[in-house]
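Subject: Structure handover

Hi,

Here is the structure for you to look over. My notes follow below it.

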Amino acid sequence: MKVPWYWMLGLVLMVTTAILLAAVQTSLWFLLFGRFPAPMFWLIILVYVSVTRPLWESTLATYLLSAVNAPFTAFPFEAFLVYSVLLMVILVAIRERVFWGGATYFMIMVGVASVVAPILFWICSHWFDKSPLFMPAIFDWLISGCLSALFSLPLYRLYQWIDKIASQDAGGDVRVGPR
């Protein structure tokens, strides 16, 4: 069996990017900007793999990204995993109904995920956490979602470059439309 080295290289580069961006989001951002809400960099890469990959690959990437991003949060790993998988399922379901590719579609999907993510976070917090989220910071979530949508365009270009290195056509083997 031939080992898909370029595919593995692309996956390793995506995970490495996720680690670096999670470090920027959780530590460097607060050193530079104080308490101003940070963009959800982890969400951008989750949207990218959910929108441009087939289901098996986006599921694998979601599990890997959950394992990588969980240490950067105080949220329990199990809750973060369920949260990420639910978000991926919602994004894949939307992709199956509406898909046109390109940067505008990606930015819209990041915007949708930025709206859905805090709601899922609140639900998972009440479901898994011993001390659930009581007073959601809606203003912080809105600012973070807007910043995520702004940062999604340069990161989209970065992920396309990683796909080019890995010799993958972003969204090329994704089945779109009703069965």
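Is L87 buried or exposed? L87 is buried, with a relative accessible area of 0%. Please keep in mind that this is a predicted model.

**Overall make-up**

The protein has six helices and zero strands. From the N terminus on, the order of elements is α-α-α-α-α-α. There are 179 residues, and 43% of them count as buried. Take the contacts between residues at least 6 apart in sequence: 74% of them join residues at least 24 apart.

**L87 and L43**

Back to L87. This residue is found in helix α4. Leaving out residues up to four places away in sequence, L87 touches W42, L43, L46, A113, V116, A117 and L120. L87 and S50 are 37 residues apart in sequence, and their C-alpha atoms are 9.0 Å apart in space.

One of the residues touched by L87 is L43. L43 lies in helix α2. L43 is buried too, with a relative accessible area of 0%. Again leaving out residues up to four places away in sequence, L43 touches L87, V110, A113, S114 and A117. L43 and V110 are 67 residues apart along the chain, yet 7.5 Å separates their C-alpha atoms.

**α2 with α4**

Two packed helices are described by the angle between their axes and the distance between the axes. Helix α2 covers residues 41-52 and packs on α4 at an angle of about 45°, with the axes 9 Å apart. That angle makes α2 oblique to α4. The crossing is right-handed.

Which residues of α2 meet α4? On the α2 side they are W42, L43, L46, V47, S50 and V51. On the α4 side they are F80, Y83, S84, L87, M88, L91, V92 and R95. By class, the residues of this contact divide into 11 nonpolar, two polar and one charged.

**α2 with α6**

Helix α2 also packs on helix α6, residues 138-165. Their axes come within 10 Å and cross at roughly 50°. So α2 is oblique to α6. This crossing is right-handed.

From α2, the contact takes F41, I44, I45 and Y48. From α6, it takes S148, F151, S152, L155, Y156, Y159, Q160 and D163. The contact has eight nonpolar, three polar and one charged residues.

**α5 with α6**

Helix α5 spans residues 103-128. The axes of α5 and α6 come within 9 Å and cross at roughly 145°. The crossing of α5 and α6 is right-handed.

On α5, the contact is made by A103, F106, M107, V110, S114, P118 and F121. On α6, W141, G145, S148, A149, S152, L153, Y156 and R157 take part. These residues divide into 10 nonpolar, four polar and one charged. V110 and S114 of α5 are also among the residues that L43 touches.

**Aromatic pairs**

How many aromatic pairs are there? The count comes to 14. A pair of aromatic rings is described by the distance of the centres and the angle of the planes.

One of the pairs is F80 with Y83, at 6.1 Å centre to centre and 55° between the planes. That pair is tilted. F80 and Y83 both lie in helix α4, residues 77-97. They sit three residues apart, about one turn of the helix. F80 has 6% relative accessibility, so F80 counts as buried. Y83 has 3% relative accessibility, so Y83 counts as buried. Both F80 and Y83 belong to the contact of α4 with α2.

W100 and Y105 form another aromatic pair, and this one is edge-to-face. The centres are 4.9 Å apart, with 70° between the planes. Are W100 and Y105 buried or partly exposed? W100 is partly exposed, with a relative accessible area of 48%. Y105 counts as buried, at 3% relative accessibility.

Last, W29, F33, F41 and F151 form one aromatic cluster.

Best wishes

Technical notes. Residues numbered from 1 in each chain as written. Predicted model: local features only at pLDDT ≥ 70, side-chain atom pairs only at ≥ 80, totals over all residues. Heavy atoms only, no water. Phe/Tyr/Trp six-rings, centres within 6.5 Å; stacked < 30°, edge-to-face > 60°. Helix = DSSP H or I, 4+ residues; strand = E, 2+ residues; numbered from the N terminus. Buried < 20%, exposed > 50% of the residue type's maximum accessible area, 1.4 Å probe, protein only. Axes fitted to C-alpha atoms, helices over the stretch in contact; angles between N-to-C directions. Parallel < 35°, antiparallel > 145°, perpendicular 65-115°, else oblique. Left-handed = near helix turned anticlockwise from the far one by under 90°. Contact = heavy atoms within 4.5 Å. Nonpolar A, V, L, I, M, F, W, Y, C, P; charged D, E, K, R; others polar.
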